[in-house]
Amino acid sequence: MNTISLKMPDPLAAELAEMAQRRGVSKSALIREALEAYLQTDGAEPAGSALSQVGDLRGILSGPEDLSANKDYLRKFGR
C-alpha cells in the first residue's frame, strides 16, 4: 500500500477525527472510503432530489401557488 501525505485546514481535520472516532475507524480508512466513493462517481455531483434538478424552472409559470393544499381548487377535481 502506498503512503500519501496531505495538508488540510484545522476545522476539516477536526471533523475527520470526530467522524473517525464516532465510526470506530482510523482517519486513513475514512479518507480511503471517501476517496473511493468520489472516484466511483467520476467526480460528478450527485443527482439530488427532483426539486433540486428543476430548481431553475421555479417561477417561470404563472398561476396559483397552492394548488395541492387549497381545497377551493380541488373541490370539483375527479368528478
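## The largest pocket

By class, the residues lining the largest pocket of this predicted model comprise seven nonpolar, three polar and three charged ones, where Ala, Val, Leu, Ile, Met, Phe, Trp, Tyr, Cys and Pro count as nonpolar, Asp, Glu, Lys and Arg as charged, and the others, Gly among them, as polar. The space in this pocket is about 430 Å³, and of its 13 lining residues the closest to the centre are Ile-4, Leu-6, Ser-28, Ile-31 and Arg-32.

A pocket here is an open set of points on a 1 Å grid over the protein atoms alone, where a 1.4 Å probe fits and protein lies on both sides within 12 Å along at least five of seven lines, and lining residues have an atom within 4 Å of a point.

## Chain and surface

The secondary structure of the protein chain comes to four helices and zero strands, in the pattern α-α-α-α along the sequence; helices (H or I, at least four residues) and strands (E, at least two) are DSSP runs, numbered from the N terminus. Of the 79 residues, 5% count as buried, a word that means under 20% relative accessible area, while exposed means over 50% and partly exposed lies in between (1.4 Å probe, protein chains only). The accessible surface of the chain is about 7,800 Å² by the Shrake-Rupley method with a 1.4 Å probe, and carbon and sulfur atoms account for 55% of this surface.

On the surface, Leu-51, Val-54, Leu-57, Ile-60 and Leu-61 form a nonpolar patch with about 560 Å² of accessible area together; such a patch joins nonpolar side chains (Val, Leu, Ile, Met, Phe, Trp, Tyr) within 5 Å, from residues with over 30% relative accessible area and no salt bridge. Val-54 sits in the loop between helix 3 (50-53) and helix 4 (71-74), and Val-54 counts as partly exposed at 41% relative accessibility.

## Two salt bridges

The whole structure holds two salt bridges, each a side-chain nitrogen of Lys or Arg within 4 Å of a carboxyl oxygen of Asp or Glu. One joins Glu-18 and Arg-22 (3.2 Å, N to O), which both lie in helix 1 (residues 10-23), four residues apart, about one turn of the helix.

Glu-33 and Arg-23 also meet in a salt bridge (2.9 Å, N to O). Because Glu-33 lies in helix 2 (residues 27-40) and Arg-23 in helix 1, this pair ties together parts that are 10 residues apart in sequence.

## Basis of the values

Residues are numbered from 1 along each chain as its sequence is written, and side-chain values use heavy atoms, leaving out hydrogens and water. In this predicted model, local features need pLDDT of at least 70 and side-chain atom pairs count only at pLDDT 80 or more, whereas totals for chains, interfaces and linings use all residues.

Definitions and conventions:
Grid points are joined across faces, edges and corners, and a volume is the space filled by probe spheres set on the points. Patches are made of residues with over 30% relative accessible area and no salt bridge: like charges are joined within 9 Å, nonpolar side chains (Val, Leu, Ile, Met, Phe, Trp, Tyr) within 5 Å.
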